[in-house]
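Dear colleague,

Please find below the structure that I am handing over to you. My notes on what was found in it follow directly after.

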Amino acid sequence: MYERGGGFWLNAGIRKITTALLDRYLPKKSGNKILDLGCGPGNMFATFAAYGYVYGVDKSPDAISYARRRNIAREVLSAPAHDLPFADQTFD
């Protein structure tokens, strides 16, 4: 996923849909804080980075390792979705 994720047809479709939605509701590079919950190897980080600061969370130590290699997210953490280490209202 790390090596081929960017070109995989499903990821390309998700990126296109996500970009269309973000373009409509979130201004680019306006200091937004964006949480990629279940970030995997960080395939969406570059897309999200156009809209603000990216933070990634995943359960898998391998996914976190790959996501950190991208050097895009401000922080990539291991945490369960039901118990995130962020205060309420942290993300846009």
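A polar contact is a pair of N or O atoms within 3.5 Å; within protein, one must be able to donate a hydrogen and the other to accept it, and residues adjacent in sequence count only if both atoms are side-chain atoms. In this predicted model, local features need pLDDT of at least 70 and side-chain atom pairs count only at pLDDT 80 or more, while totals for chains, interfaces and linings use all residues. Residues are numbered from 1 along each chain as its sequence is written, and side-chain values use heavy atoms, with hydrogens and water left out.

A polar atom of the threonine 18 side chain lies 2.8 Å from the backbone oxygen of isoleucine 14. Threonine 18 has a relative accessible area of 18%, so it is buried (buried means under 20%, exposed over 50%, and partly exposed in between, with a 1.4 Å probe and protein chains only). Leaving aside residues up to four places away in sequence, threonine 18 touches Met44 and Phe48 (contact means heavy atoms within 4.5 Å).

The next topic is the sheet. Its 3 strands are parallel and form an open sheet in the order β1-β2-β3 (two strands pair if DSSP finds at least two bridges between them). The edge strands, each pairing on one side only, are β1 (32–37) and β3 (75–78). Strand β2, residues 52–58, is joined to β3 by 4 bridges, and tyrosine 55 stands opposite glutamate 75 in β3.

Tyrosine 55 also takes part in ring pairs. The whole structure holds 3 aromatic pairs (rings of Phe, Tyr and Trp, the last by its six-membered ring, pair if their centres lie within 6.5 Å; planes under 30 degrees apart count as stacked, over 60 as edge-to-face and the rest as tilted). The tyrosine 55 and phenylalanine 86 rings are edge-to-face, because their planes stand at 75°, with centres 6.2 Å apart. Tyrosine 55 lies in strand β2 and phenylalanine 86 in the segment after β3, 31 residues apart. Both tyrosine 55 and phenylalanine 86 are buried. Tyrosine 55 and phenylalanine 91 also form an edge-to-face pair, 5.4 Å centre to centre with 70° between the planes. Phenylalanine 91 is partly exposed, because its relative accessible area is 23%.

Yours sincerely

Notes
Helix = DSSP H or I, 4+ residues; strand = E, 2+ residues; numbered from the N terminus.
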